[in-house]
Amino acid sequence: MTTGHIQEFACFTDYDKELVCHWEVPAQTNCSKEFLLCYSKETSSVSNVCVPENGKDGLRCTCIICPDYFAAGLTYILTLQFNGTDMWNYKVTPALVVKPRAPKNLAIERAENGNFNLSWEESYSPPSMLSGQPVIYELKYWRKQPPTEVSVKAINYQAKNFEITASSLRRGYDYVASLRCNYTSYPAYWSEWSEVVEFHYDYQVTTEDILQMAVPISCILFMAGSVICYFCFTRVKKEWW
């Protein structure tokens, strides 16, 4: 959406602590001096003001609103002012623009079967509105050394761990894994990707490797033994005659 100096106005919330609204602006814009964001609950006449700040790239203004509570029916009326003049009004219902916080405390360990068990924790706990809600995850992991190969796995159930199979990895390489989530009752946005966890797939010999080596070696030894037995039998037979 474009209105005068404003482009791509949008809001999202972690549905726990803050409602974030941002919009794109031309370079060199001083957000805190040129803009104000007034907001009020749809059911209240009390108005509050948020002073925006410039984003890191300098091309975006951001306002962080910290509501005293969240509820499914809560709606805010926003009025954006530019140099003291109302530019336009906007309604936002936080429950419809939920962007959850990323999973936290990722950890990974090697299992006895040679695979890697990844575990994590949900970023919400009671009395948060999202605590205990159905959630799905998406996992991506990739090799640090080039050429980088990224694998993405959908975890379509409420879980707190996932097994990365050794067969999907290459030995002797370092890997990085990250996770994001989406709450199915509030599906507007996926979370950002979590902090990464690193692991190394070494050259540990597994039972499968031993079997893979044992089969061809056994075949070679069997053939060699058969040939030796044949020549021994031929020689003995000749001497016997």
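I counted the bonded cysteines along the chain and got the disulfide pattern 1-2, 3-5, 4-6. This is a predicted model, so I keep in mind that I'm reading a prediction. My search of the whole structure turned up three disulfides.

**Entry: Cys 11 and Cys 21**

I looked at this pair and found the two sulfur atoms 2.1 Å apart, which makes it a disulfide. Cys 11 sits in strand E2 (residues 6–13) and Cys 21 in strand E3 (residues 19–24), so the bond ties together parts 10 residues apart in sequence. I checked the burial too: Cys 11 has a relative accessible area of 3% and is buried. Cys 21 comes out at 0%, so it counts as buried.

**Entry: Cys 31 and Cys 61**

Here I noted a disulfide with its sulfur atoms 2.0 Å apart. The torsion about the S-S bond of Cys 31 and Cys 61 is about -85°, so I put this disulfide down as left-handed. It links distant parts of the chain, with Cys 31 in helix H1 (residues 31–34) and Cys 61 in strand E7 (residues 60–65), 30 residues apart. I found both Cys 31 and Cys 61 buried.

**Entry: Cys 50 and Cys 63**

I have Cys 50 joined to Cys 63 by a disulfide, S to S 2.4 Å. That still passes, because the cut-off for a disulfide is within 2.5 Å. The torsion about the S-S bond of Cys 50 and Cys 63 is about -120°, so I wrote down left-handed. Cys 50 belongs to strand E5 (residues 48–50) and Cys 63 to strand E7, so I have distant parts of the chain linked, 13 residues apart. Cys 50 is buried, and Cys 63 is too.

Which cysteine sulfur is nearest to that of Cys 38, which is in no disulfide? I found that of Cys 63, and it is 9.4 Å away. Cys 38 has a relative accessible area of 13%, so I list it as buried.

Cys 66 is in no disulfide either, and I get 8.6 Å to its nearest cysteine sulfur, that of Cys 50. Is Cys 66 buried or exposed? Its relative accessibility is 57%, so I count Cys 66 as exposed.

Note on methods: Residues numbered from 1 in each chain as written. Predicted model: local features only at pLDDT ≥ 70, side-chain atom pairs only at ≥ 80, totals over all residues. Heavy atoms only, no water. Helix = DSSP H or I, 4+ residues; strand = E, 2+ residues; numbered from the N terminus. Buried < 20%, exposed > 50% of the residue type's maximum accessible area, 1.4 Å probe, protein only.
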